[in-house]
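Colleague: Please take a close look at the packing of this chain for me. Then finish with a single part of it, and give the cut-offs as you go.

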Amino acid sequence: MNAMTSENLRSAFGGESQAHMRYRIWGDEAEKQGFPNVKRLFDATSEAEAVHATLHFKALKDVKGDFTVTSGAGFGLGTTSENLQGAADGERFEFTQMYPAYIAVAEFQEEKEAIRAMRFAIEAEKIHEARYLEAKADVDAGHDLKAENILLCPVCGYITFDANEEECPICHTKSSKFVAY
């Protein structure tokens with residue numbers, strides 16, 4: 001694997017791994033603040049970030065050794081509304097800046113597995129931002145997220161609130177494989 005794509009994948013792996021843990025922590029805070037459905041959303045998105053980290057790690061299968069990994073990560077505990085905004089901002093950064101740049105490098109270097117992993121992530125991150133902003137609007141209106149269903153595609157990290165979807169619009173995995181939160 002080319003060095004630049006390898007470095008970008010390691011950075012993405014680090015960022016997704018940190019998001020996985022950050023969302024678990026923010027989910028616990030949401031539950032403490034009286035928002036159990038927001039916790040479910042944070043938990044589902046946390047697992048989606050683990051899916052992305054796994055895709056990146058597997059794309060790096062031939063890269064061995066110890067590396068310093070530089071990645072962006074939000075820190076701090078706030079209100080549930082503040083944490084949702086922080087999560088939405090992080091997702092937006094990934095799909096508007098980070099992944100487009102990383103994909104451009106991987107395309108130039110013809111790193112097909114890296115491109116596939118990052119394309120799944122970029123499309124899922126767009127949905128994550130929308131879900132977080134929807135939850136924030138509900139919380140700001142004084143109530144929990146209005147979502148009976150929170151479903152995760154375990155292949156690409158897509159999240160839907162619609163139990164009637166037949167397949168993932170990103171990777172086309174059948175909805176029977178979706179994980180409910």
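**Packing of the chain**

Modeller: Of the 181 residues in the chain, 51% count as buried, meaning under 20% relative accessible area with a 1.4 Å probe and protein chains only. The model is predicted, so local features need pLDDT of at least 70 and side-chain atom pairs need 80 or more, while totals for chains, interfaces and linings use all residues. Residues are numbered from 1 along each chain as its sequence is written, and side-chain values use heavy atoms, without hydrogens or water.

The chain holds four helices and three strands. These are DSSP runs, numbered from the N terminus: H or I of at least four residues for helices, E of at least two for strands. Their order from the N terminus is α-α-α-α-β-β-β. The radius of gyration is 16 Å, close to the 16 Å of the globule rule for 181 residues, so the chain is as compact as a globular protein of that length. That radius is taken over C-alpha atoms, and the rule is 2.2 Å times the number of residues to the power 0.38. Along the principal axes, the C-alpha atoms fill a box of roughly 50 × 40 × 25 Å.

Contacts (heavy atoms within 4.5 Å) tell of sequence distance. Of those between residues at least 6 apart in sequence, 73% join residues at least 24 apart.

H1 covers residues 3-32, which is 30 residues. At 1.5 Å a residue, H1 should span 44 Å, and its end C-alpha atoms are 44 Å apart, which agrees. The expected span is 1.5 Å times one less than the number of residues. Gly 34 follows H1, with a positive phi near 90 degrees.

Conventions: Buried < 20%, exposed > 50% of the residue type's maximum accessible area, 1.4 Å probe, protein only.
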